[in-house]
Every structure is written in structure tokens, then in C-alpha cells.
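Please look over the sequence and the model below before reading on. The paragraphs that follow lead through the helix packing and the domains.

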Amino acid sequence: MVGHPVPLTVMIATSCGRCTTPLPAELPSSITLAHRSDHKGTPMSSHAWPRFSLVPVAALATLLAFGLVALADPPAAEAQKKKVLNIAAKEPETLDPHTSILGQTQAIKRFMYRGLARFAIKDGKVTTSEVEPDLAESWTLSPDGTVWTFKLRKGVQFHKGFGEFTAEDVKFSFERQINKAPGTRFGVNLGVIKSIEVVDPHTVQIALKAFDPIFLLRMVGYQQGYIVSKKAVEKFGEQYKWNPVGTGPFYFERHAPREKVVLKAFDKYHGGRPQIDEVHWFDVPEDATKLIGLEKGTFDLLYPEAVTADFAGQVQKMGAVIDRRGPGGQERFYINMTKPPFDDIRVRRAFMHAIDRKAIKETMYPGGLARVAPSCVPPGYFGHIPMTFPEYDPEKARKLLAEAGHPNGFTIKNYFISKSFFYPKVLTLAQEQLKKVGIIVELQVVEHATFHENIRKNLDPFVLYGGTRITDADPWLSLFFDSKEIPDPATGNKGTNFAHYKAIDDLLAAGRVERDVKKRAAIYAEAQKRIERDLVCLPISDVPGQWARNPKRVSTPFDPEYGEFSLHYSYNYPEMLKILN
Amino acid sequence: MFQYVLRRLLVAVPMLLGAMSIVFFAMRILPGDPCVAMMGDQATTEALADCTKSLGLHRPLAVQYVDYLWRSAQFDFGTSLRQGYPVSEYIARMFPHTLVLVMASVILAALIGIPIGIVSALKRKSPLIDYPLRIFALLGLSMPVFWLGILLLIVFSLRMDIFPLIGGGDLDGALHMIRTGEVFSNPADFLAAVGDVLHHLTLPALALGFTLAATVSRLSRSAMLEVISQDYIRTARAKGQAERAVVYKHALRNMMVPLLTIIGLFVAIALTGTVLTETVFTRPGLGKMLVDAIGARDYPLAQGAITVFTMIIITVNLVVDMLYAVVDPRVTYR
């Protein structure tokens, strides 16, 4: 609108409504005359206007600007003296480790906080299925399997002079979550705890309601497992989210909102001071800007919003690498085995023969951006084994459908799918493939919350679902295959056993009390075999966490391709990152 | 004059109220809610209900609305749902960054656009001058600021390495020195801070200013064309004044009234332009904050930002109207 001269006249004429005398009717509606409300009718006399010309002013302003620019120190100079790691990601919304699930926030937390345990490094790789002590020195389990005694590492210091880390801090960190302190999100993962007792400053006893085979995984420095300083939380109250105090390798220095968060190396870090002096975590919303920054050297590490083939190509072209970290998120189908016609295993088999998993994965995540998922328990989870699924074969699918009494296929009306995340894209691809064998899916694209509501009302005969959980087969299989988790609108059960599967309850129960690691693994292997036999789950893609890194500036001891497994952050050990020049 | 300003300020109240109401309801009509945005895909229904309650979003909309207006009337815009900072404090930090960007781009737009518009009007009969200038205007009009921004970044920041890629420079430092009076005791540091701000400001201001300049040049051209067809210009020429004097003394000054309106209007357009400019150039500021706040459904922050935007536009309009009296002595307000 503003691009044309016409509205200008209108606009100025309108502005005359402010003057009290009406415009004389005979005046042309020109701009100059618009304000002739005092009606002298002559142009402005020259004495009314100070004498100056635009040209010298402009020249002066430009000169001043460039003169000052020349005065300014090149900003890179200072950074060169110190070893500064520059990260481009989005801004975290809080630095309280027990409150946020956003990717960038979980990633920055790991720089500042630690837990009693940590994911173990085995054969030069970080695994998410085994743990080793971190803030704890050692631990023991009572004979009945319900009391854990943790001996804490002595001399571990909190940041900013908040004193030595003690059993009180452990008790406080877990209890604030169990008691649902405002904003905390992970208390549910500590629901197994009955009580926490401080035996002495360096010994803490945690009594459980029942034996929990994955309790040590819950104690890993990740979400609920992070230990905060009791003194600091009590001192800062609601302001703690921007006054974080942990025991990690970096401490919080300052936050310039919408600009950056600055962290500094913690001299007294119990694992030794990191080589990097400072971490500058920039709030960069645009992936295009992140890429320019990586090429220019402004940034060393990028946490992109979305890793597309184009993004990966550009990263490679500029000689940077993508650090891929499993297990990431898995996208998969659960088939409701109680809902006709899927109550017939031949129809479920036909469904699986109709879906070309590789094609969906390649369309969604070409090349190395993701892997075709090998199991309903993702790799990286304790207990995972590879499974086999009916291969893509539309001809076989059609035959099976005919055998099951659907020679012309069938139509699924009102199939609900979320409009957000990967859901609509994956489902549209599956819809096309199913159509080829005669299964017509009529999609209703709905809000994400509606989708969640509807799949718990069993409105979809097969459900597309995604996500990451604590990396053990027990919580994973319990959530998706335990009969207690079958959603039922009649009872209000909002579980996530969308397959309505009941065949591994015995194995899950056995696994929960089994303390022998090998036997547990065998139990979950058997569970996966049964799921494979009953055809209730079809995994599509395992999508890793992905960061781009300038390898000439920053090194990590772990292989870019799945050298680490991690949860919601990409670098388990940020203190091992090194600035090379 | 005083009465006039008072009247205008009174009229501003319902305008502000209208804008605030629109943003309040628009934010709530938008699909998605702050808790889902915050807690993501995995949140359980119970967790979402807890979150909704703790943010006070479970209350009836009318109650939330009245509460919001009542608090705003007391200049309490609440706290950011996500980051927990008081909204007014947040805005106070962001505002200077946006202000310098808007001012710089409006000044640039005026410095580039007005001379081009004038020359283009005066030389409209010589295609060698007028046509290229009109092409320039067309280019500016058709280039979106985010595209031009990325182009400038690639050329001047990545390839030539003259300007920084991100950030707003040491504006906080400069402002702090002004507040504490350090500016006099330590002028070198102050100049360095200002230089740093300008260094960071150049590309964003160019991107935004250039797209604005194109429009300014078109509008100034038509304003100038109007003026030079007036009788007094013919009279001036007839009495034998040099063309230079005709343009500077008579035409330019009479063009000022419409130009002021244009510049006023451009403050408003530049403000909306900051949303994209700040995002592309990764500058802190109200625009970038607003985009993030809307994305995260951070109601108080988005409402606060839009209220401030509205207040700025109302103020600029008022100031422009008052400036008419300064540039044109024939205008009086009662």
C-alpha cells in the first residue's frame, strides 16, 4: 500500500481533520495545501526555516559512523586470548535443571550440572545402557533390593562458593521434585522412592517402595538426576532459574536475554578444570544464520532447528561435521489388535507388507539423517535386540487381505493425526502406500492435543507415535505393551499401550524383580520376540540428535557417527570438548 | 497546544485498549497453548493440567482479560511465562536495541530515499537519471528484508569480513556509562562502545533502511512533483531565481510537511520490519522477542511487546503532528 503515491494525498488530507478550521472547498487536494488552515495562501517564508542542507549533515553522519567503527576494537581479538566455545542454538528458557524439556535447555544443563551417576564410556563410546559413579563414589543395594546406599564423593564443590556437595543436597534435589515444587517436571520418574535419609554428610540412603531395576539409570545426571545446591535454591527461590548452582564443569556467568548465556570453566570441577575457558551460548533462531556463522568461524557448534538434507550438505561442503547421537527419537506404528479388521493377524501382516519403511525414512530423513529402526526397543536402550518385520511387498499384502476376506481392501474413516511435528508427513506417506493395497485412510488432521486425546479414546486403529524415554527396555516396554497401560475412556485410563497388547505382562513382571543383568537382558529379548511374532508394532525411523561442529576449531574424543549415546543433549561430557586453536 | 495534546492523549487510551484487546484475544484464538508449547510432545494430561493451573490459564477468559487490563493499567505486565523475568524489565532491556535500529534505518531511509526522490522528480524528463532511480525504488520494494539481510551477511560479514554476523553491540555498556556519568570520565571507552554498537548496527540498518528508502523515494518523488507544479514555484522561476534556490528555498521546505508524515509512518513500518531484521541478524530487540513470545505462546510477553509497539506508534503520530507546527508556522493547534 505504501508503495504508491496515491494514499499519501488521502493520508495528509485526513490529517487535516486535526485542525479546527475546515479546508476551503476550492483548494485542490494537494499535499502542500493540506495544512493551509491559517489561510495566508503563501508559501512558507524563508525566515521560518533554519538554514541547513541535508547533504553536509548526511556526510557528517556517515563520517562519524565510520570513524567510530574504525575506533572499535575488533571483537574477535579478546576471544582469541581465551579459549571460547561459541555455540549457536536457541535460548534456554530456564537454567533450573528440574524444569524444562526443551532441547536447547536440556543441552545447556549438562554443562552445569551433574548427577550421582553418569553414562559409562565403553570401548571409546558413551553408552546409555550402562552407568558408572559420578558424584557418588560407590553404591550398595540392600539384600531385599529396596534400599540403596550411596557413598558420596568428598570435596566436590558447588559453583560460586555455595560450599561442598553433601547428602543434604541429594535429598533436597530429589524431594523437591517428588513434592512437585512449582515448575518441576520429572518427579514422576522418582515415584519409586519411599524415603531419603541423610546418614552422614557423605552418605545417603534411598529407600524404594519396591525393587527397581533401573534405579541407577534414574540417578544419571539427566533431568531428574541432576543435583542442585540446596542453599542456592533456598536463597534464590523463584529466581533460581537464572541463578543456577551445580557441580558441573562450567558455571553460569550471565544471561543477556535474547542474546547469549555465558558460562565459565569451573576451576574446582571434581573431574578437573575443562580446557575451554568460556562457553558463549548464542540465541540464534535462524538455521541460515547459524550456517553462515559456522562458515565464518563465529560459531563452533550449532544446534539446528531441523537437520535437512540441504543443511547436512552445506555443513559437509564447508568442511564441518555432524555429530550424530543415538538413540534419539523413534517414530513407529502400533496396531490395535482388538480393533477389526486388525484383530486378524493376516491384516496386520498385510499392513506391514504394505508399508515401505525405507522409503518413508529416506523421504523424511535422507541418507545418514536417520536410520531405519531395527527394533521396537531402540538401539541404545538396555535389552535391545534387532527384530525382523514383514518386508515391503504390496503383492503379498493384497493376497493376505483377500485371504482375510478383504479382496477389495477397506476404508478407515475419520483417522485422526496431529498437525504437528513429524506426524502429518509420515502418515501421508503411509497413506499413499496403504492405498496401493486397497487400504484407504481418510485423514482428519487435528491439533496435537486433540490427537493425544483421540488416540487415548482408541479412535485410531493404528497409532503413529514418537519419543524418547529412560534408556532401558523396562520403562519403554511397560509404557507401550503392559496391559495396565491400555487406554480406556470408560475407566479414564490414559495409558499408551495403543496396540492393546497383553502377551508380555509376565515377562515385564519378571524383569522388574530380576537383578541379574544377563537374565534381564534375556527376558527383554524374549519380549521383543513375542512382539515380533504378534505383529503389533512397526518401527520406522530412529532419528538421532544432531549438532554441526567445526572440527578445525573443536574436537571431541567421540566418533561423529554415533560415538555417543545421550538423552536430549548431544554431548555427555562437554568438559572433554577441546578448542584446537 | 496543551489542550490539543491532552485531547490526543485521551483519544490514545481507547486506541491502546483496542490494540491490547485484539492481541489478548488473538493470542488465545491461535491454535496451541503455552503448556503444550513448553512441555512438548511427551507431556501427560495431568502435567498439562498442572501447568495450565500454575499459569492461571484455567480461569475463565473474561476473568483473565479483566485481570490483564487491570494489571496493565497499573503498568504491571506480569512475568514471562517461559523465562520468569518481569515483562516490563524485559522490554526495558530490549527497547533500546530496537529503538536504535528503527532510528538508524529511518535516518538511512531518509538520507537515501529523499534525495533520490527529489532528483528523480526534478530530472523526470531525463530517462538516464530518472529510470535508474526508479529501478532502484522498484528493487527496494521487491526485496524482502530477510532476503536482503542474508545477502548482506553473506557478502559483508562472511566473504569480506567487515561487519559482525550477530549481536547488537555493547549498547548496555554505552547506556550504563551515560547513566553513571562515566561518559565524561572515560570518553574513549564510551566512544568504543558506541563504535561497537554502530559496527553491529550497520548491516541491519542498511537492510531495513534500504527497503524503506525505496518507498521513501517513491513518496518523496510524488510529493516533489506536487510542489514544483505550484504557482509560487513558477513565480520564483519567473522572478529569475536560480534553479538551486528554487529547489532549496521554496520546493524543499514546502515538501517537509508531507515528508514528516512519511517519516512518521515509516517509524511504524520500520518497527514491524524489526521483527524480521532482528531475527535474521540475531540482534536482541522487541521484534525478535515478540516472534519468540508468539511461538512459545508466552502471552504476557507478547501482550507487553505489542502494547509497547502500539504506544510507540501513537507517540510518533502525536510527535509528527506537533512537528507540523514547527516546520509550518501556518499550522496551529487548538
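A crossing of two helices is called left-handed if the near helix is turned anticlockwise from the far one by less than a right angle, and right-handed if it is turned clockwise. With that in hand, the crossing of α10(A) and α12(A) is left-handed. The model shown is a predicted one.

In chain A, helix α10 covers residues 345–354 and helix α12 covers residues 394–403; their axes lie 8 Å apart and meet at an angle of about 160 degrees. Angles over 145 degrees count as roughly antiparallel, so α10(A) is roughly antiparallel to α12(A). On the α10(A) side the contact is made by Arg346(A), Val347(A), Arg349(A), Ala350(A), His353(A) and Ala354(A). Facing them in α12(A) are Pro394(A), Lys396(A), Ala397(A), Leu400(A), Leu401(A) and Glu403(A). By class, this contact has seven nonpolar, one polar and four charged residues.

Chain A as a whole is divided into domain 1, residues 114–236, and domain 2, residues 326–543. Taken over C-alpha atoms, the centres of the two domains of chain A are separated by 34 Å. Where they touch, nine residues of domain 1 are in contact with 15 residues of domain 2. On the domain 1 side, β3 (125–133) and α6 (215–218) of chain A each supply at least two of the touching residues. That side of domain 1 divides into four nonpolar, four polar and one charged residue.

Chain B has 14 helices and zero strands. Its C-alpha trace spans about 85 × 55 × 45 Å along the principal axes. Of its 334 residues, 45% count as buried. Among contacts in chain B between residues at least 6 apart in sequence, 73% join residues at least 24 apart.

One helix pair of chain B can be set out in the same terms. How do α5(B) and α12(B) pack? Helix α5 of chain B (residues 87–122) and helix α12 of chain B (residues 243–280) have axes 8 Å apart, at an angle of about 140 degrees. The two helices are therefore oblique to each other. α5(B) passes α12(B) in a right-handed crossing. Residues of α5(B) in the contact include Thr98(B), Leu101(B), Val102(B), Ser105(B) and Val106(B). Among those of α12(B) are Leu259(B), Ile263(B), Phe266(B) and Val267(B). By class, the contact of α5(B) with α12(B) has 14 nonpolar, four polar and no charged residues.

Methods:
Residues are numbered from 1 along each chain as its sequence is written. Chains are lettered from A and ligands numbered from 1 in the order in which they are written. This is a predicted model: local features need pLDDT of at least 70, side-chain atom pairs count only at pLDDT 80 or more; totals for chains, interfaces and linings use all residues. Domain bounds come from an automatic or database domain assignment. Two residues are in contact if their C-beta atoms, placed from the backbone, lie within 7 Å. Helices (H or I, at least four residues) and strands (E, at least two) are DSSP runs, numbered from the N terminus. Ala, Val, Leu, Ile, Met, Phe, Trp, Tyr, Cys and Pro count as nonpolar, Asp, Glu, Lys and Arg as charged, and the others, Gly among them, as polar. Axes are lines fitted to C-alpha atoms, for helices over the stretch in contact, and angles run from 0 to 180 degrees between N-to-C directions. Angles under 35 degrees count as roughly parallel, over 145 as roughly antiparallel, 65 to 115 as roughly perpendicular and the rest as oblique. A residue is buried if 20 or more other C-beta atoms lie within 10 Å of its own, exposed if 12 or fewer, and partly exposed in between; C-beta atoms are placed from the backbone.
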